[in-house]
Amino acid sequence: MNNTIENALNEQIKNEFDSAFVYLSMSSYLDNTSLPGFAKWMRVQYEEESAHALRLFDFLLDLGGRASLKALPEPPLEFSSPLDVFEQVLAHEKSITKMIHELYALAVRENDYATQIEMQWFITEQVEEEKNADDIVQQLKLAGDSNTALLMLDRELGQRAPAPGGEAA
Ligand code: OFO
């Protein structure tokens with residue numbers, strides 16, 4: 001297969017696993033902060049990112065490419081508040097969106113139609129990812145210093161169900 005596309009897909013597999021690692025670390029922080037609902041929401045997000053990585057991994061193999069897994073940076077461990085966590089999630093998702101758009105543009109330049117179509121799924125997914133993070137940032141801002149509002153939000157986020165069958169969603 002096209003080497004440029006193979007390298008770019010391998011890089012994005014790493015980026016998706018990196019997202020998974022960052023969110024799992026955030027889940028640990030949130031659990032330690034006695035916010036089990038937030039922690040669960042983030043744990044489901046970890047599972048979704050892992051599914052995104054595996055989706056790209058399988059796509060690369062289906063194209064006849066070779067998946068070369070790369071080392072991941074150590075994720076951040078400490079955060080100053082749930083709002084800090086979700087502002088970082090939003091910034092992280094915006095950077096991932098940029099990477100996906102660049103991958104799509106590369107597939108266009110390389111006349112790789114299959115990768116263009118695969119990237120369309122990720123482009124749509126990123127709209128959802130940014131919206132979800134932004135919604136929670138706004139809700140946390142509205143909650144302000146109210147512990148009651150924070151606990152209500154924790155209960156609501158704790159209802160997030162895992163993606164069925166671990167599928168990317
Ligand atoms: Fe894979 O969508 Fe977030 O990073």
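These legends describe close-up views of a predicted model. Local features need pLDDT of at least 70, and side-chain atom pairs count only at pLDDT 80 or more, while totals for chains, interfaces and linings use all residues. Residues are numbered from 1 along each chain as its sequence is written, and side-chain values use heavy atoms, with hydrogens and water left out.

**View 1**
Helix α2 covers residues 36-62, 27 residues in total. Helices here are DSSP runs (H or I, at least four residues), numbered from the N terminus. From first C-alpha to last, α2 reaches 39 Å, close to the 39 Å expected at 1.5 Å a residue. The expected span is 1.5 Å times one less than the number of residues. Just after α2, G64 takes a positive phi of about 85°.

**View 2. Helix α1 against α2.**
Helix α1 spans residues 3-32. The axes of α1 and α2 come within 8 Å and cross at roughly 165°. Axes are lines fitted to C-alpha atoms, for helices over the stretch in contact, and angles run from 0 to 180 degrees between N-to-C directions. The two helices, α1 and α2, are therefore roughly antiparallel to each other; that term applies to angles over 145 degrees. The crossing of α1 and α2 is left-handed, meaning that the near helix is turned anticlockwise from the far one by less than a right angle. Residues in the contact of α1 with α2 divide into 18 nonpolar, seven polar and five charged. Ala, Val, Leu, Ile, Met, Phe, Trp, Tyr, Cys and Pro count as nonpolar, Asp, Glu, Lys and Arg as charged, and the others, Gly among them, as polar.

**View 3. Helix α3 against α4.**
α3 and α4 pack at an angle of about 165°, with their axes 9 Å apart. α3 and α4 are therefore roughly antiparallel to each other. Their crossing is left-handed. The contact of α3 with α4 holds 18 nonpolar, six polar and seven charged residues.

**View 4. The largest cavity.**
A cavity is a set of points on a 1 Å grid over the protein atoms alone where a 1.4 Å probe fits but cannot get out; lining residues have an atom within 4 Å of a point. The largest cavity has a volume of about 30 Å³. Volume is the space filled by probe spheres set on the points, which are joined across faces, edges and corners. W41, Q45, V89, E93, E129, N132 and A133 line the largest cavity. α2, α3 (82-109) and α4 (113-143) each supply at least two lining residues. α4 gives the most, with three. By class, the cavity lining has three nonpolar, two polar and two charged residues.

**View 5. The largest pocket.**
A pocket is an open set of points with protein on both sides within 12 Å along at least five of seven lines. The largest pocket has a volume of about 240 Å³. Its lining has 13 residues, of which W41, N132, D135, I136 and L157 lie nearest the centre. α2, α4 and α5 (147-157) each supply at least two of the pocket's lining residues. α4 gives the most to this lining, with seven residues. The pocket lining divides into four nonpolar, two polar and seven charged residues.

Conventions:
Angles under 35 degrees count as roughly parallel, over 145 as roughly antiparallel, 65 to 115 as roughly perpendicular and the rest as oblique.
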